[in-house]
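This report covers a metal site, a sheet with its helices, the cores and a few single residues. Please keep the model open while reading.

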Amino acid sequence: MSIKLKLTHSLSNKKLGKHPCYVIFIDEDKQIIASDLLAEFQDNINKLISRSNFSGKANEVVIHHALNDNEVSLLLVGIGNKNKLNATLLQKLAKTVYSNLSSHSKNAYVVLGDSIDEVQFGQFCLALLNSSYSFQNYKSQKADNPHLTTVNFIINLDNQSAFETVLALQVAIFQGQSATRDLANEPPNVCNPVYFAEQAKKLAKAYPDLLTVQVLGEKEMTKLGMNCFLAVSRGSDNEGQLIILEYHGLASEKQAKKGKKKKLEDKPIVLVGKGVTFDTGGISLKPALGMGEMKFDMSGAATVFGTMKALCEARLPLNVVGAMACAENMPSGKASRPGDIMTAMNGKTVEILNTDAEGRLVLADTLVYVQRYQPKAIIDMATLTGACVVALGHVRSGVYSNDEDVLFELEQASEIAHDRIWHMPLDDDYQEQLNSNMADMQNIGGMPAGSVTASCFLSKFVADYPWAHLDIAGTAWQTGKEPQATGRPVPLLMHYLQRQVVSHSSE
Ligand code: BES
Ligand code: MN
Ligand code: ZN
């Protein structure tokens with residue numbers, strides 16, 4: 001169960017509910033943000049500030065607990081220099097607010113006034129919602145439910161409807177992002193390609209007016225000549241699955257009006273995700289250390305899944321196809337060997353020199369497959385290379401594109417969502433690293449620019465469609481002591497898609 005977010009104008013004449021807490025922001029000059037809304041509390045706040053030596057520096061907190069159920073608690077949160085309030089700090093503040101509220105307040109009132117704009121408000125809301133996420137499917141002793149049920153934002157702006165719209169979108173994104181995280185956090189003995197397909201079927205059932213699902217197994221893929229995909233999935237006892245979800249957001253609008261059968265009337269945007277449910281490396285076996293984290297190697301596909309869910313929740317008027325390329329990369333007597341040559345669905349031949357470069361193989365055939373939709377744009381997401389983690393760490397995903405418009409739209413969306421990306425190169429010069437003396441190309445490009453050459457490989461399978469590739473190897477999950485899925489880049493994609501609605505209607 002997650003918290004409810006609401007918008008209200010003022011604090012006066014309200015039933016505050018049980019265990020109410022006011023969240024009050026204070027800057028480094030000890031100025032109270034939106035102090036005009038807090039006149040009746042001014043004295044108490046000032047007392048609390050001086051009693052606790054509160055300085056107002058970023059992320060500092062002090063809490064005054066109410067003495068009885070109906071009294072109001074006060075949570076003061078420092079924001080530092082209010083002119084330097086950036087998205088990263090807003091995210092941190094949201095986390096701080098949530099962790100201080102969750103265990104003892106039921107109803108929170110976050111006093112904002114006109115201190116932040118819609119974009120910042122959206123970033124804060126999503127970060128607050130995401131702070132409430134936890135994955136406990138395999139704990140026999142579940143953590144206590146958080147006490148917090150409702151967060152009310154007190155704003156005194158005229159454009160409340162703009163804030164309502166932002167809030168609704170963030171709630172939809174949160175639902176999709178949580179679905180992505182749930183799926184990616186599942187252990188690899190549970191979340192295999194067939195399980196993934198079952199989840200997609202369930203999702204389609206939950207939104208019958210918006211979604212259709214189609215699953216291709218290895219038999220169908222063999223018929224289509226998807227031999228690069230099969231070279232990966234064949235090594236596993238778990239059958240590979242190419243899962244297609246079609247979101248008919250435009251068709252269904254028209255359908256409602258005309259009572260027509262649903263079909264993709266408008267060319268869709270296609271999302272493609274790498275769904276390697278476990279990546280051992282295959283015959284080019286990975287070292288043992290940290291291999292457990294390779295259960296997250298399906299995060300690209302999980303992102304597609306979560307974005308489809310978020311689309312359904314937001315009911316954006318668009319047509320979107322989500323293709324999830326699910327396979328398990330295992331060593332076995334049936335696994336492909338370094339040196340094997342495969343013919344992809346588009347007729348190109350690939351010499352597989354490292355079976356651990358498997359993501360590009362399943363994606364290659366999937367990128368060819370989705371061209372039957374004549375997409376407006378193709379965007380693929382993949383935990384593709386360790387080299388991308390070396391280049392960009394865990395902050396920004398790498399973005400590669402053959403199209404300026406798609407790139408621009410993604411970059412804009414990325415800033416608004418604060419789900420950051422960084423433009424990487426695709427110069428022809430890099431393609432040479434993929435030359436093979438045996439086949440049309442090989443699947444590895446050597447040490448230099450590993451993330452770039454992986455993207456070059458993909459580019460050979462997208463023909464002339466506007467396309468972008470996101471290498472999310474460093475951003476899809478957090479590593480280390482408590483590894484878990486982040487649900488990125490669902491926020492980026494949803495903001496991108498939302499922008500396509502706007503530009504679509506102004507065409
Ligand atoms: N799934 C990995 C990439 C990866 C590694 C993501 C570490 C996140 C953290 C991918 O399939 C892979 O193994 N790539 C190889 C490519 C190499 C063999 C050319 C890599 O990055 O080492
Ligand atoms: Mn690999
Ligand atoms: Zn992989």
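A residue counts as buried when its relative accessible area is under 20%, and as exposed when that area is over 50%; anything in between is partly exposed. E358 has a relative accessible area of 1%, so E358 is buried. The model is a predicted one.

The manganese ion (ligand 2) is held by D279 (OD), D356 (O), D356 (OD) and E358 (OE). Here the distances are 2.1 to 2.2 Å. The sequence spacing of the manganese donors is D-x76-D-x1-E.

How far apart are the manganese ion (ligand 2) and the zinc ion (ligand 3), and which residue coordinates both? They are 3.2 Å apart, and D279 coordinates both.

Now the geometry. Ideal angles are 90 or 180 degrees for six octahedral donors.

| Residue | Relative accessibility | Class |
|---|---|---|
| K274 | 1% | buried |
| D279 | 3% | buried |
| D356 | 22% | partly exposed |
| E358 | 1% | buried |

D356 is classed as partly exposed because its value is 22%. K274, at 1%, is buried.

**The sheet and its helices**

An open sheet holds 8 strands in the order β7-β8-β10-β9-β13-β17-β14-β15. The pairing is mixed. β7 (211-216) and β15 (421-423) are the edge strands; each has a single partner strand, so one side of each lacks a neighbour in the sheet. On average, neighbouring strands of this sheet are turned by 20° against each other, direction ignored.

Strand β14 (residues 397-401) runs parallel to β15, and 3 bridges join the two. In β15, W422 is the bridge partner of G398.

Helix α5 (residues 193-206) packs on the sheet. It touches β7, β8 (241-248), β9 (269-279) and β10 (319-329). The direction of α5 makes about 15° with that of β8. Helix α12 (residues 404-417) lies across β13 (377-382), β14, β15 and β17 (467-471). Relative to β15, α12 runs at about 150°.

How many residues of helix α14 (residues 450-459) are buried? The count is 10 of its 10 residues. Among them are G450, T453, C456 and F457.

**The nonpolar cores**

The largest nonpolar core has 117 residues. F153 and F196 have the most contacts inside this core. Helix α4 (residues 160-185) supplies the largest share of the core, 9 residues. A second, separate core has 47 residues, including M226, M342, V368 and L434.

Beyond residues up to four places away in sequence, F153 touches L5, K6, L7, T8, V110, L112, F121, F124, C125 and L128.

S105 sits in the loop between α2 (87-101) and β5 (107-113). Its relative accessible area is 2%, so S105 is buried. Leaving aside neighbours within four places in sequence, S105 is in contact with H19, C21, H147 and L148.

N185 belongs to helix α4. At 5% relative accessibility, N185 is buried. With neighbours within four places in sequence left aside, its contacts are Y133, F135, K295, F296, Q484 and A485.

Where is G240 placed? G240 is in the loop between α7 (227-233) and β8. G240 has 0% relative accessibility and therefore counts as buried. Not counting residues up to four places away in sequence, G240 touches P193, L216, G217, E218, M221, F229, S233, C326 and A327. G333 is 93 residues from G240 along the chain, and their C-alpha atoms are separated by 17 Å.

Notes: Residues are numbered from 1 along each chain as its sequence is written. Chains are lettered from A and ligands numbered from 1 in the order in which they are written. This is a predicted model: local features need pLDDT of at least 70, side-chain atom pairs count only at pLDDT 80 or more; totals for chains, interfaces and linings use all residues. Side-chain values use heavy atoms; hydrogens and water are left out. Buried means under 20% relative accessible area, exposed over 50%, partly exposed in between (1.4 Å probe, protein chains only). Two strands pair if DSSP finds at least two bridges between them. Helices (H or I, at least four residues) and strands (E, at least two) are DSSP runs, numbered from the N terminus. Axes are lines fitted to C-alpha atoms, for helices over the stretch in contact, and angles run from 0 to 180 degrees between N-to-C directions. Contact means heavy atoms within 4.5 Å. A nonpolar core is a set of buried Ala, Val, Leu, Ile, Met, Phe, Trp, Tyr and Cys residues joined through side-chain atoms within 4.5 Å. Donors are N, O and S atoms within 2.8 Å of the metal (3.2 Å for Na, K and Ca); water is not among the atoms, so sites may look incomplete.
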